[in-house]
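Please read them with the structure open.

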Amino acid sequence: ELRGTKKMDHMSPRLRAFLSEPIGEKDVAWVDGISRELAINLVTKGFNKAYILLGQFLLMHKNEAEFQKWLICCCGATECEAQESSHCLKEWCSCFL
């Protein structure tokens, strides 16, 4: 399967690791772009697992702009964190859904 191998070259090691296997019970801190501080904020809001954050992304119909706005406004993410994590979840969806 050659699809995506080229794309993988441009990915951060963290993103590549996240996309290399199913989401399972991974902590939210596994999501690319989620800093320690942001992970703490997310956990206090009940988003302790990556799949729960993914659920929020899916509830927003995979709308990256809306998800980024929510992460920044409600969870205290930086613009960079919001962009990286929404990109990570979008890539995960295209690999596994």
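1. Ser-86 sits in helix H6, where helices are DSSP runs of H or I with at least four residues, strands are runs of E with at least two, and both are numbered from the N terminus. With a relative accessible area of 0%, Ser-86 is buried; buried means under 20% relative accessible area, exposed over 50% and partly exposed in between, for a 1.4 Å probe and protein chains only. Apart from neighbours within four places in sequence, Ser-86 is in contact with Phe-57, Glu-64, Phe-67 and Gln-68, contact being heavy atoms within 4.5 Å.

2. On the source: this is a predicted model, in which local features need pLDDT of at least 70 and side-chain atom pairs count only at pLDDT 80 or more, while totals for chains, interfaces and linings use all residues. Residues are numbered from 1 along each chain as its sequence is written, and side-chain values use heavy atoms, with hydrogens and water left out.

3. Cys-93 is also placed in helix H6. Cys-93 has a relative accessible area of 4% and is buried. Its contacts, leaving aside neighbours within four places in sequence, are Leu-54, Phe-57, Leu-58 and Lys-62.

4. How do H4 and H6 cross? The axes of helix H4 (residues 50–59) and helix H6 (residues 79–96) come within 10 Å and cross at roughly 85 degrees. Axes here are lines fitted to C-alpha atoms, for helices over the stretch in contact, and angles run from 0 to 180 degrees between N-to-C directions. H4 and H6 are therefore roughly perpendicular to each other; the classes are roughly parallel under 35 degrees, roughly antiparallel over 145, roughly perpendicular from 65 to 115, and oblique for the rest. On the H4 side the contact is made by Leu-53, Leu-54, Phe-57 and Leu-58, and on the H6 side by Ser-86, Leu-89, Lys-90, Trp-92 and Cys-93. By class this contact has 7 nonpolar, 1 polar and 1 charged residues. Ala, Val, Leu, Ile, Met, Phe, Trp, Tyr, Cys and Pro count as nonpolar, Asp, Glu, Lys and Arg as charged, and the others, Gly among them, as polar.

5. H3 and H5 have axes that come within 11 Å and cross at roughly 80 degrees. That makes H3 roughly perpendicular to H5. Leu-38, Asn-41 and Leu-42 of H3 meet Trp-70, Leu-71 and Cys-75 of H5. The class count for H3 with H5 is 5 nonpolar, 1 polar and no charged residues.

6. The structure holds 4 aromatic pairs. Rings of Phe, Tyr and Trp (its six-membered ring) pair if their centres lie within 6.5 Å, with planes under 30 degrees apart counted as stacked, over 60 as edge-to-face and the rest as tilted. Phe-47 and Trp-70 have ring centres 5.1 Å apart and planes at 65 degrees, so the pair is edge-to-face. Phe-47 lies in the loop between helix H3 (36–44) and H4, and Trp-70 in helix H5 (residues 64–75), so the pair ties together parts that are 23 residues apart in sequence. Phe-47 is buried at a relative accessible area of 13%, and Trp-70 is buried at 13%.

7. For Phe-57 and Phe-67 the ring centres are 5.2 Å apart and the planes at 80 degrees, so this pair is edge-to-face. Phe-57 belongs to helix H4 and Phe-67 to helix H5, so the pair ties together parts that are 10 residues apart in sequence. Both Phe-57 and Phe-67 are buried. Phe-47, Phe-57, Phe-67 and Trp-70 form one aromatic cluster.

8. Two residues in the loop between H4 and H5 deserve a look. His-61, in that loop, has a positive phi of about 55 degrees although it is not a glycine. His-61 is exposed, with a relative accessible area of 70%. Lys-62 is in the loop between H4 and H5 too, and its phi is near 55 degrees, again a positive value in a residue other than glycine. Lys-62 counts as partly exposed at 41% relative accessibility.
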